[in-house]
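Take a look at the model below. We will go from one pair of side chains out to the whole fold.

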Amino acid sequence: FKINNMDPSQVVNLYITGFGPFGSVALNPTTEIINEIDLSPLEEIEGVTVDVKIREVVDVDIDSVNSALDHIQDAMQDHVNDSSRNLVIHLGVNSMADKICLEK
């Protein structure tokens, strides 16, 4: 979705995760990004209110990932009947990449 096409009165609930160290990545930059995100309850970006609901660093193992996904899904259930939108972003790192890449 595009923020600039949204009704300014609408709220975007943000759920964002990064990962801890794994393999040859001793200090995962996604951990630093997650730790830098301000947890102020409401932040206005281009006239749209963004509410950071979950900001979490996840261990790199299947149980931790599944737990994080369950946590996000449970939190999103609190907003199924309101007019807010949900945005889920999972940050990762590719030590071979030379630029930021989006994955589907």
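Is Asp51 buried or exposed? This is a predicted model, and in it Asp51 has a relative accessible area of 13%. The cut-off for buried is under 20%, so Asp51 counts as buried. Its side chain does have a charged partner. Asp51 and Lys53 meet in a salt bridge, with 2.9 Å from N to O. How exposed is Lys53? Its relative accessible area is 32%, which makes Lys53 partly exposed. How many salt bridges does a search of the whole structure find? The count is 1.

Now step back to the chain. It holds 2 helices and 4 strands. Read from the N terminus, the elements follow the pattern β-α-β-β-α-β.

How are the strands arranged? The 4 strands form an open sheet, in the order 2-3-1-4. The pairing is mixed. Strand 2 (43-45) and strand 4 (85-90) are the edge strands, and each of them pairs on one side only. On average, neighbouring strands of this sheet are turned by 35 degrees against each other, direction ignored. In general, strands of a sheet pair through backbone hydrogen bonds, either parallel or antiparallel.

Follow one pairing in detail. Strand 1 (residues 11-19) runs parallel to strand 4, and the two pair over 6 bridges. Which residue of strand 4 is the bridge partner of Thr17? It is His90.

Helix 2 (residues 62-77) lies across strand 1, strand 3 (48-58) and strand 4. Against strand 3, helix 2 runs at about 155 degrees.

Then look for the nonpolar side chains. In soluble globular proteins, such side chains tend to be buried together. Here the largest nonpolar core has 7 residues in all. They are Val12, Leu14, Ile16, Ile34, Val48, Val50 and Val52. Which elements give two or more residues to this core? Strand 1 and strand 3 do.

Finish with the chain as a whole. Of its 104 residues, 28% are buried. Among contacts with a separation of 6 or more, 66% come from residues 24 or more positions apart.

Definitions and conventions:
Residues numbered from 1 in each chain as written. Predicted model: local features only at pLDDT ≥ 70, side-chain atom pairs only at ≥ 80, totals over all residues. Heavy atoms only, no water. Salt bridge = Lys/Arg side-chain N within 4 Å of Asp/Glu carboxyl O. Buried < 20%, exposed > 50% of the residue type's maximum accessible area, 1.4 Å probe, protein only. Pairing = 2+ DSSP bridges. Axes fitted to C-alpha atoms, helices over the stretch in contact; angles between N-to-C directions. Contact = heavy atoms within 4.5 Å. Core = buried A, V, L, I, M, F, W, Y, C linked by side-chain atoms within 4.5 Å.
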